[in-house]
Amino acid sequence: MDEETDPPEQPAPLEPPAAGSVVCARCGTTAEGDTVPVTWLSSVEDGRRLHFCEGCARLHIRAIESRLDSLWW
């Protein structure tokens with residue numbers, strides 16, 4: 001008798017597709033397409049999801065690693 005096996009669970013997407021264009025919360029750079037690029041940083045501050053472009057993330061990496069809110073950068 002063969003046992004039924006459950007299909008492997010699919011991982012949940014890390015980021016649902018954003019509605020409209022994605023804009024850097026620091027410098028205003030707009031990402032190509034409707035999804036957040038994998039090189040961008042996402043952060044939740046005061047209950048809001050913010051996205052930061054690769055340039056802003058690199059420039060402020062020490063503050064990010066120190067877990068300072070983006071207002072302190």
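I take buried as under 20% relative accessible area, exposed as over 50%, and partly exposed as in between (1.4 Å probe, protein chains only).

The model is predicted, so I note its limits: local features need pLDDT of at least 70, side-chain atom pairs count only at pLDDT 80 or more, and totals for chains, interfaces and linings use all residues. Residues are numbered from 1 along each chain as its sequence is written, and side-chain values use heavy atoms, with hydrogens and water left out.

**Cysteines**

How many disulfides does the rule give? I count zero. The rule asks for a pair of cysteine sulfur atoms within 2.5 Å. I checked Cys-24: its closest cysteine sulfur is in Cys-27, 3.7 Å away, which is too far for a bond. I then checked Cys-53. Its closest cysteine sulfur belongs to Cys-56, at 3.6 Å, again too far for a bond. Cys-53 is buried, at 8% relative accessible area.

**Core**

Which residues make up the largest nonpolar core? I list nine: Val-22, Cys-24, Ala-31, Val-36, Trp-40, Leu-50, Phe-52, Cys-53 and Cys-56. Such a core is a set of buried Ala, Val, Leu, Ile, Met, Phe, Trp, Tyr and Cys residues joined through side-chain atoms within 4.5 Å. In soluble globular proteins, nonpolar side chains tend to be buried together.

I followed Trp-40 next. Leaving aside neighbours within four places in sequence, Trp-40 is in contact with Val-22, Val-23, Cys-24, Thr-29, Thr-30, Ala-31, His-51, Phe-52, Cys-53 and Glu-54. Contact here means heavy atoms within 4.5 Å.

**Ser-21**

Ser-21 lies in the segment before strand E1 (41-45). Is Ser-21 buried or partly exposed? I find it partly exposed, with a relative accessible area of 48%. Beyond its neighbours within four places in sequence, Ser-21 is in contact with Thr-30 and Gly-33. I also noted Ala-31: Ser-21 is 10 residues from it in sequence, and the C-alpha to C-alpha distance is 6.7 Å.

**Whole protein**

I get two helices and two strands. Along the sequence the pattern reads β-β-α-α. Helices (H or I, at least four residues) and strands (E, at least two) are DSSP runs, numbered from the N terminus.

Of the 73 residues, 25% count as buried. Among contacts with a separation of 6 or more, 31% come from residues 24 or more positions apart. The protein exposes about 6300 Å², and carbon and sulfur atoms supply 51% of that area. I used Shrake-Rupley areas with a 1.4 Å probe; for residues, only the protein chains shown count as cover.
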